[in-house]
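Welcome! Here is a short briefing to read alongside the sequence and the 3D view.

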Amino acid sequence: MKKILFVASESVPFIKTGGLADVVGSLPKCFDKEKYDVRVILPKYMCMTQEVKDKMEYVTHFYMDLCWRKQYVGILKTDYEGVTYYFIDNEYYFGGPKPYGDICYDIEKFAFFSRAALSALPLIGFQPDIIHCHDWQTGLVPVYLKDSFHGGDFYQNMKSIMTIHNLKFQGLWDVKTVMDIAGLSSYYFTSDKLKYYDDANLLKGGIVYADYVTTVSDTYAQEIKTPFYGEGLDGLMRARSNCLWGIVNGIDYDTYDPKTDTMIAKNYDAMNFRREKSKNKKALQEQLGLAVDEKKMMIGIVSRLTDQKGFDLISYVMDELCQDEIQLVVLGTGDEKYENMFRHFDWKYADKVSANIYYSEELSHKIYASCDAFLMPSLFEPCGLSQLMSLRYGTVPIVRETGGLKDTVEPYNEYENTGTGFSFANYNAHEMLHTIRYAEQVYYDRKREWNKIVDRGMAADFSWSVSAKKYEDLYNRLLGY
């Protein structure tokens, strides 16, 4: 039995701010339980719901040296869907209304969490073969494994994997402060280790010291070796390229299933979507005050409204797009300029555009189920989950060929009758508009072809069980099996 420990800063259903939580909450339960004992360790945030906290049981507590301070470390645990979750408790670090705040405090918080997670292992009686770390918040774990935890029988054979969910977020602060907080000697703060220009970089430490580095799609693994996508670490990513793997994320096929989804107006599947899917569209049109017409092409967007997601492209051609025979449904929050841009077009084209500037899990499901197409023109996208949900619900993705979008959406080829969506290569507003209009043309003039694109998309398998098999191969490789 191989033992794997996931160390992460968030996980559904306990705490979520982004896609990282979906990965950490969904992936561990998909491993072969006869061969892998996968457990997860998380911070116990005060802002978790009372319902979540009530399910935790106290295990033990101890006091730990963090540089010159002695800190309380409580350990709690709970079982969820067959996976054991441990929680590190310290109200000084994990208080507050949200998991992340000021980066300076976050760096001390997650240095504490990384050391506490390792220190807790002998006390909970779990000796993992591999510690699988996620994002910069756990970047010090591989460093500590090679430093203060290196001696002694318990830790010396442990391997580590660092998974990068988004290279943009790295955990940067000045060297002197991080050296003091982390309790590491100056040996670790040179430019080939944690030093990054004049700062210390926690993610860089994890990448340098982990045995393997993974990221969340094959294309993103290649892209981050280039200056444009590498966020200043492209040289390091090239240096580690023999240990760098891209494994695409999945989605939970039980949660996202149009056949059983309780949040949508009408359930359907791959067999009957031609007849039933449009009933969701009519229900959503009525709910949002759009013109009720099941034949009108509806395009959905569920996203953070930021530059990374390509909203500068959309704003550039929004007026032109609204001249077309389409409806546009937007859900999300983000930069004020994009929030207001969508509000403006909602006012200007009230029967065509619906701007929902908030977040609602229920409305997101309705958009995936109701729309004909889903727009994701990202500047960069390590993996992306929305396009996978769209495919699952028979909603055709229109994406830019970057990162996980390129790996998961096969562009439509009218000559070979292949493809699951539409894509464009250059980060250019009119190239995007041209692709949307090509999709419109297929939708209106070649409905049979459109339905075949939907068929292929719904037949694709991006469930977590597929990703888990690839991680199993990677674990076996690292352990020499």
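**A strand, its partners and a helix**

Strand E13, helix H11 (residues 311–321) and strand E14 form a right-handed β-α-β unit; right-handed means that, with the strands pointing away from the viewer, the path from the first strand over the helix to the second runs clockwise. Helices (H or I, at least four residues) and strands (E, at least two) are DSSP runs, numbered from the N terminus. This is a predicted model, where local features need pLDDT of at least 70 and side-chain atom pairs count only at pLDDT 80 or more, while totals for chains, interfaces and linings use all residues. Residues are numbered from 1 along each chain as its sequence is written, and side-chain values use heavy atoms, leaving out hydrogens and water.

- Strand E13 (residues 297–302) is largely enclosed by the rest of the structure, because 6 of its 6 residues are buried (under 20% relative accessible area, 1.4 Å probe, protein chains only).
- Met 297, Ile 299 and Ile 301 cover one side of E13, and Met 298, Gly 300 and Val 302 the other.

**Strand pairing** (at least two DSSP bridges between two strands)
- E13 and E14 (residues 326–331) run parallel, joined by 6 bridges, and Val 302 has Leu 331 as its bridge partner in E14.
- E13 also runs parallel to strand E16 (residues 373–376), with 2 bridges, and Ile 299 stands opposite Ala 373 there.

**Helix H10**
- The buried residues of H10 (residues 273–288) include Phe 273, Leu 284 and Leu 288.
- E13, E14 and helix H13 (361–370) are among the elements that the buried residues of H10 pack against.
- Just after H10, Gly 289 has a positive phi of about 75°.

Technical notes
Buried means under 20% relative accessible area, exposed over 50%, partly exposed in between (1.4 Å probe, protein chains only). Contact means heavy atoms within 4.5 Å.
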